[in-house]
Amino acid sequence: MAFVRPTGVTYFDPEPAHHSYVLYSGSDGTTRLIDLNGAVHHEWPFAGVPPRILDPALTGGRLGDLGVQLSAGDDPRGGIYANRTVGQLSWTGERVWEWGERAPGGAARQNHDWELLPNGNRLLLVTIPRVVPALGPDVVGDQGLYEVSPGGEIVWEWRAGDHLDELGLSAEGWDALRRTVARDPDDPWGYLEINSAKTLGPNRWHRADPDGIFQPDNILISYRKANIVALLDRSSGAVVWKLGPYFAAEPGAQHQRINVHKVPRPLDQISGQHNPHLIAEGLPGAGNILVFDNQGGAGYPPAPLGIYAGSRVLEIDPATEEIVWQYTAEDSGLPSWTFFSSFVSNAQRLPNGNTLVTEGMNGRLFQVTPDGRVVWEYHTPYTGFGVAGEPEVREPRVPGVDRATRTSLIYRAQAVPFDWVPIGAPHTPPVPIDPYPTPESARP
């Protein structure tokens, strides 16, 4: 018997919603641009991990360019080894730039994140198969960063395995890490599974202290399997600031952590987090860190998780390391477990103060107001075998599942301004959708 659930837009209140397009890659290997009515306005026959629009200010004024993965490698491990070339497409699908064949080993192995920098280079999060002496004699999926010039030259490189002693792991943590690597050195997702890397950009912390650690070109990264958010110094490669991996335990925290709503309060245990990034200038909360805290299994040693599973979106003041805003399902009047993605996912602050949330494991996108009201909700109708970026010509694979399994998984979605689309692209008026009963507290 097939499991059937609603797809498309299931709720839309146009007045409090921020209006934009939304870009995401489906598990069918296609990247689509949709409007808030769920209509597809454009699509590209490639997936991105993640797909990301390019700012016309960095493309000579060209509208409609985006970055995706352009070809899959032939490494049977898949996962973070899967990609051969990554590049830039125009609105019409022209390959403006492509890189990978000139990469070490002839494959980009780009995964989880990338960024077009103001200098025209690209910052790529990549996999580097190699021996990391601190972890033993086996070749492992180390991860690192390449800065690649438009001509394809690697002009800067950073390797995670060279900085493990900067992560603050306990003796017990080191033991757990080494045992994990020894048990599965060929883990297709790597021993750290770094899932984001983003330069800080202009920010108020740097303006207040020009010689401080919040330099615009320093890089914020997320070690998903270690429960660490870290800031890398671009000049030295050193970790100069971090959150995690360990937090002071509070009575009952392992059961009720996600249901504590008082803010501000000290940051407590994050677990399996995705895409921490500094909220950009001009947006509400600018200078704070926004992160999707999956509360999925992770940590060396593993962090205790709640009985009442649920994820949360956190906004963190990096100066005080306090939570200053959060979203859990309870903020929408629902049980905590109705909003949960143990892996993948994302959150993006919008110009009107709302937040676009990717509940990726379930293929759900929604927009939530600062007070927790969901004003737009969409469930992708596009399914496939495996995560975005691993096309079906490969052995079907879903993370954590041993058999071929169809999924609606979305890795990361992005709100897209209307003026990014070339002139002439259609835009349909918003159509309110409200299938939920009254009173309002019963709505998601």
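**Salt bridges, a hairpin and a surface patch**

Reader: Let us start with Arg52. Is Arg52 buried or exposed?

Author: In this predicted model, Arg52 counts as buried because its relative accessibility is 16%, and the cut-off for buried is under 20%.

Reader: Which residue does Arg52 form a salt bridge with?

Author: The partner is Asp113, with the closest N and O atoms 3.2 Å apart. The pair links distant parts of the chain, as Arg52 is in strand β5 (residues 52-53) and Asp113 in strand β9 (residues 110-116), 61 residues apart. Asp113 counts as buried, at 0% relative accessibility.

Reader: How many salt bridges are there in the whole structure?

Author: A search finds 24. Among them, Glu115 and Lys198 meet through their side chains at 3.3 Å, N to O. Glu115 lies in strand β9 and Lys198 in strand β13 (residues 194-199), so this pair ties together parts that are 83 residues apart in sequence.

Reader: And what is the accessibility of Glu115? What about Lys198?

Author: Glu115 is buried at 8% relative accessibility, whereas Lys198 is partly exposed, with a relative accessible area of 27%.

Reader: Which residue pairs with Glu101?

Author: Glu101 forms a salt bridge with Arg84, the closest N and O atoms being 3.0 Å apart. Glu101 counts as exposed at 59% relative accessibility, while Arg84 is partly exposed at 30%.

Reader: Turning to β7, how does this strand run relative to β8?

Author: Strands β7 (residues 83-89) and β8 (residues 95-99) run antiparallel and are joined by four bridges. Gln88 stands opposite Trp97 in β8. The hairpin has five residues between the strands, and Gly93 takes a positive phi near 95° there.

Reader: Where is Leu89, and is Leu89 buried or exposed?

Author: Leu89 is found in strand β7 and is buried, at 1% relative accessibility.

Reader: Finally, the surface. Which residues form a nonpolar patch?

Author: Ile307, Tyr308 and Trp337 do, with about 360 Å² of accessible area together. Ile307 lies in the loop between β19 (289-293) and β20 (312-317) and counts as exposed at 58% relative accessibility.

Terms used. Residues numbered from 1 in each chain as written. Predicted model: local features only at pLDDT ≥ 70, side-chain atom pairs only at ≥ 80, totals over all residues. Heavy atoms only, no water. Pairing = 2+ DSSP bridges. Helix = DSSP H or I, 4+ residues; strand = E, 2+ residues; numbered from the N terminus. Patch = residues over 30% accessible without salt bridge, like charges linked within 9 Å, V, L, I, M, F, W, Y side chains within 5 Å. Areas by Shrake-Rupley, 256 points an atom, 1.4 Å probe, with all protein chains shown as cover. Salt bridge = Lys/Arg side-chain N within 4 Å of Asp/Glu carboxyl O. Buried < 20%, exposed > 50% of the residue type's maximum accessible area, 1.4 Å probe, protein only.
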